[in-house]
Structure formats: structure tokens, C-alpha cells
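Please read them with the coordinates open.

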Amino acid sequence: MFSVDDHRYMALALRLAERGLYTTDPNPRVGCVVVRDGRIVGQGWHRRAGEPHAEIHALREAGEQAQGATVYVTLEPCNHHGRTPPCADALIEAGVARVVAAMEDPHARVAGQGMARLQAAGIDAATGLMQPQAEALNPGFVARHRRARPYVRCKLAMSLDGRTAMASGESKWITSAAARADVQTLRARSSVIVTGIETVLADDPRMNARVDFEARGPDRVVLDSTLRMPPSAAMSASPGSTWVATLSRDERKRDALQQAGLRVLDVAGGDGRIDLHALLNALADLEYNEVLVEAGPTLSGAFVLAGLIDELIVYLAPHLMGHAGRALLHLPGIDTMQQRIGLRMTELKQVGEDLRLTYRPA
């Protein structure tokens, strides 16, 4: 169905889409290539939400040469008015002859209707070319529209003997400077960082992305059932929004946080604990695509036990911290080999002196 040339041009469109990895949120990363008579006449990618989509950039570059051309785009062209006009209409008006999309848009307002609109206009339109690669570029956008929750990564750092801190709580620094810089890049592509109030009270982190390239940067969510969050916390001055997810209705505390620029997020729960499923549903409603959990062993373990981790990223440092050190995850209820949680390694990479291990649920 698809030729070698089709694959070659779609691969270029995917590389273009990747340029938006750190800037398009909450929109998907999309690339587009316009080809006429075996020659690339236009290309583009989506840069930021609210700005023209990839197809528009590519059509503008192609100009009149888009007439009768083939368009390769990594996501089905939209057919509705959002922040920008429908791309399907722009392709029809440009007079293109063929459109190849890597994947159908999972957004309910599109979901095949963009391609149907093109076909109704007499354009040869097909999807499915290099779909896995396109979905891998947008795991959060896909997850948010298909299952009403974001894609969740959990980042952890440990010594070779599986310790995250000394018994006293001392933990700076387990990993090398190179690994810590790598974490900043991971933060930069994330929509929001989730942590717990205990981490805030112990470390007062900023939870921002300190990188030397353009990035939208993550927002933050602190799980704090009883509103112990200090209004003066360092992350209140970090770029973007900082949410305090809570069960508390204490108006005095809520007002103090809001006056400090923090935002309060009411989430369902029980027994004094926030329901993690409800939290992720709320984050999807707020249009967060990719969640990065950076928390202590209790909250990280709770996400694992709830089956809510899509990707586990562990930085492994080449030293030993002793049996009295703190464990990687708190996983109560796992007492037998039958109860083990299986993982599948998807990547192994050396970062400085450390190893970065990436796993997904088995």
C-alpha cells in the first residue's frame, strides 16, 4: 500500500515533528512534508499551541507547488476550529492530490473525520504509515484522548544496592552531574511534575526544568491532603502553575496558598488519601499530556501498586550505600514471588558514570 518513497518522506515528517518535543504542549507534536514530482517543495512542524499547525507551515512554503502534490503528515489533519482553522480545509483549498497520515487523531472531535473530509473532496487520503513511531512521539496526547488520563513516567535514582538515601535521609547526590542534567531534559518534555508534600517539606524543591534550549517547561502538582504546603515554598516562584491537590476545605489555608500564587485542586479520596486515579483524570481535564512523578518511595510506590505507571526511569549510580539506607519504593503487600511486579526493559543507556534504565509494565 505504501512505497519506499512514502516511508522516506514520512520518516522526515517524524523528524520534523520531534522538533516540537519541548514546546507544543498541550498540543501534539506534528510534522509535515509536501512532495511534488519526487521533490520536496514544503515542510514544517507544529511549534506551539495557538500557532499554525504543521500542515500550514508546509503549505506556505510550498505555495502554488502544493497543487497536485502529496502531503505526508504525522497526525490526521484536523477538521474543526480550535485555536486555529481546520487543516483539512487548507489542504483542500491548496489542491493537493494525496494525503498520507501516520495515525488517526485520537481526539473525539477529529477521529477519522479529517480524512473523511479530504476523501469527500476527491483527495486520495490514507492513514497507518509508520503509526507506532508517530504514537511514540505523542504518548501523552494519545493516552489523554483514548483513556482520559495522561501518560505517566516515574523517575527514580538509586545506588547499586537499591538505596535512595542514607538512613538519616541524606541523599545529595546519589547520581552524577550528567545524570542530573539528563533529568532536567526529562522535565522539559513533561507537562507536569507530580510530587508529595513530604518531599516539599524535606527538600523545598523548585521542580522546574533548567535547560539551555527553548522549552515550555512543566507545571507542578503537590499532593497534600491536609494543606501543609507552605505558601513560601520555592516552587511557588517557579515558571508556570503550581497546583496543590487536596482533600481539605480549610478556607484559611486555601486563601493563603492562593494569595501566594498557588492553585488549589480539589480531588476525590478517602481515608485521608487522595485517589490517584481521580487525580490523573483531573490532570487530563486540565490538558496535561505527560506526567512525571518525582516523589519519595511511598508516593512513587503507590502509583506503581495502583497500576498507573506507564514508564519507570531509574538512574543507577555505581556505588553502595549499605543495608540501612532507604529503599527505592514502598510496596506493602508484596510478600511472595507470585506477587512480584513484572517489568520489561525498553532502554539501557549510560549517562555520565551512571546507567539510565527504562522499563514498562510487563
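1. Is strand E6 (residues 151-159) mostly covered or mostly open? Mostly covered: eight of its nine residues are buried. Keep in mind that this is a predicted model.

2. E6 has two parallel partners to check. Four bridges join E6 to strand E14 (residues 290-293), with tyrosine 151 opposite glutamate 290. Seven bridges join E6 to strand E15 (residues 311-317). There, arginine 153 stands opposite glutamate 311.

3. Next, the largest pocket. Its space comes to about 1700 Å³. The lining counts 49 residues, and Thr199, Asp203, Glu294, Ala295 and Gly296 lie nearest the centre. Elements giving two or more residues to this lining include E6, helix H7 (177-189) and helix H8 (197-203). Helix H11 (297-305) is also among them; H11 gives the largest share, six residues. By type, the lining splits into 22 nonpolar, 14 polar and 13 charged residues.

4. Then the second largest pocket, with a volume of about 600 Å³. Of its 24 lining residues, Ala136, Arg153, Arg189, Glu311 and Glu347 are the closest to the centre. The lining holds 10 nonpolar, four polar and 10 charged residues.

5. Among the elements with at least two lining residues are helix H1 (4-18), helix H5 (131-137), E6, E15 and strand E17 (343-351).

Technical notes: Residues numbered from 1 in each chain as written. Predicted model: local features only at pLDDT ≥ 70, side-chain atom pairs only at ≥ 80, totals over all residues. Heavy atoms only, no water. Buried < 20%, exposed > 50% of the residue type's maximum accessible area, 1.4 Å probe, protein only. Pairing = 2+ DSSP bridges. 1 Å grid on protein atoms, 1.4 Å probe; cavity = no way out; pocket = protein on both sides within 12 Å on 5 of 7 lines; lining within 4 Å. Points joined across faces, edges and corners; volume = space filled by probe spheres on them. Nonpolar A, V, L, I, M, F, W, Y, C, P; charged D, E, K, R; others polar.
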